[in-house]
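Below are some numbered notes for a colleague who is opening this structure for the first time. Please read them with the model in view.

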Amino acid sequence: MHGEYKIPGGKLVVVDVDAEDGVLCRARVAGDFFLEPDEALDAVNHALNGAPVDTDAAGLAARIDAALPEGTVMYGLTSEGIAIAVRRALAHATDWTDYDWQLIHEGPQSPALHMALDEVLTAEVAAGRRAPTLRVWEWGAPAVIIGSFQSLRNEVDTAGAARHGVEVVRRISGGGAMFVEPGNTITYSLSVPEALVQGLSFQDSYAYLDDWVLGALADMGIRAWYQPLNDIATDQGKIAGAAQKRIVGPDGRPGAVLHHVTMAYDIDADKMLEVLRIGREKLSDKGIKSAKKRVDPLRRQTGLPREAVIERMIESFRGRYGLSQGKVTDAELARAEELARTKFSSPEWTARVP
């Protein structure tokens, strides 16, 4: 069995391993990492051999840590990363380069239609009718998008939203509220087969699916990292938030994962505070006193036009994994337009948690 895992902010770990009589054997760890002393690699392999095949990543990492020679130095490598690569091998996880990725980047669309497209396209990937897809959004109107389980009245000042012409919609994924305005926001979705994240914990899948964008930001001079569970942060503050939804395939077969990210290119903080109810409790664990300080826009950090930031992100993805131009099919659009009307624009859905 073969497993690979690119450690976020680190190097690629490759594991080839067999299993006999319920235990791991003939483990072979490789990669472009740095490890001293040389005998530490043998210690890692020996630590994996004999482990029960159902040992979780934390248990495998503990075995590795216990076996490492004193003074071992890892650079671009962690025991947890090795353990995850093993779990991915056992789960027969796929890799990014196993797929022919499609890009969808079309004109501005309504907030409700964006919500519907996320659901429809990811369901199509789950059914095997669509290739894994990177979709870059263009917003047709300002909006607040609340998480699937958030209270509408607790999160949104509806009077403030109405005053500023801000539409309120609810998405199918969890997480917190997003304030977006056309031209000030960069949003993208990944609709991927569940096999791509096999062997990863829910938390690890967030960082794994966005490692490419951290590389793109680094190419633009921004040192960014994942701040668990779902924020992309820099020394200057948070720049993005992510959310996910798992969709089951037909007849209960492995399905697909929707992973979407909203990044602040620019932001009208005063307007945001009039539309969102951001309380002290939410900010208490952030170490800050003002919601204005939570988000540091990409415009200031890059000095680039929004279109240039998006293009560099797309080219970074294409350079890593390949990416061909795609589009929303007529059938997908018709289904999404129906959902936008009957579900995502309905008061019943938007206020399902009042």
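1. Helix H4 is largely enclosed by the rest of the structure, because 15 of its 16 residues are buried. The model is a predicted one, and burial here means under 20% relative accessible area. H4 runs over residues 111-126 and reaches 23 Å from its first C-alpha to its last. That span is close to the 22 Å expected at 1.5 Å a residue. After the helix comes Gly128, which has a positive phi near 80°.

2. On helices in general: an α-helix has 3.6 residues a turn, so residues three or four places apart point the same way.

3. Which residues form the negative surface patch? Glu36, Asp38, Glu39 and Asp42 make it up. Glu36 belongs to strand S4, residues 34-36. Its relative accessibility is 48%, so Glu36 counts as partly exposed, given that exposed means over 50%.

4. Pro37 sits in the loop between S4 and helix H1, the latter covering 39-48.

5. Another cis peptide bond links Pro228 to Leu229, and its omega is about 0°. Where is Leu229 placed? Leu229 is in the loop between strand S12 (224-227) and strand S13 (231-234).

6. How many salt bridges does the structure hold? The count is 18. The next points take some of them in turn.

7. Asp18 and Arg26 form a salt bridge through their side chains, at 2.8 Å from N to O. Asp18 has a relative accessible area of 26% and is therefore partly exposed. Arg26 is partly exposed too, at 41%. The backbone of Arg26 deserves a look: its phi is near 50°, which is positive although the residue is not glycine. Arg26 lies in strand S3.

8. Strand S3 covers residues 23-31 and includes Val23. Is Val23 buried or partly exposed? With a relative accessible area of 28%, Val23 is partly exposed. From the C-alpha of Val23 to that of Lys238 the separation is 43 Å, and the two residues are 215 apart along the chain.

9. Arg299 and Asp266 are also paired by a salt bridge between side chains, 2.8 Å from N to O. Arg299 is in helix H11 (residues 298-302), while Asp266 is in the loop between strand S15 (256-264) and helix H9 (269-275), so the pair ties together parts that are 33 residues apart in sequence. Arg299 counts as partly exposed at 47% relative accessibility. Asp266 counts as partly exposed at 22%.

10. Strand S15 also contains Ala264. Ala264 has 11% relative accessibility and so counts as buried.

11. What is the exposure of each partner? Arg253 is partly exposed, with a relative accessible area of 45%. Asp251 counts as exposed, at 77% relative accessibility.

12. Which residues are linked in a network of salt bridges? Lys6, Asp211 and Arg320 are linked in this way. Please view these three residues together, as one network.

13. His92 has a positive phi, near 55°, and is a residue other than glycine. His92 is located in the loop between helix H3 (79-90) and strand S6 (102-105). At 57% relative accessibility, His92 counts as exposed. Arg26 likewise has a positive phi, near 50°, but Arg26 is placed in a strand, S3.

How values were computed: Residues numbered from 1 in each chain as written. Predicted model: local features only at pLDDT ≥ 70, side-chain atom pairs only at ≥ 80, totals over all residues. Heavy atoms only, no water. Patch = residues over 30% accessible without salt bridge, like charges linked within 9 Å, V, L, I, M, F, W, Y side chains within 5 Å. Areas by Shrake-Rupley, 256 points an atom, 1.4 Å probe, with all protein chains shown as cover. Salt bridge = Lys/Arg side-chain N within 4 Å of Asp/Glu carboxyl O. Lys, Arg positive; Asp, Glu negative; His and termini not counted. Charge placed at Lys NZ, Arg CZ, Asp CG, Glu CD. Helix = DSSP H or I, 4+ residues; strand = E, 2+ residues; numbered from the N terminus. Buried < 20%, exposed > 50% of the residue type's maximum accessible area, 1.4 Å probe, protein only. Expected span 1.5 Å × (residues − 1).
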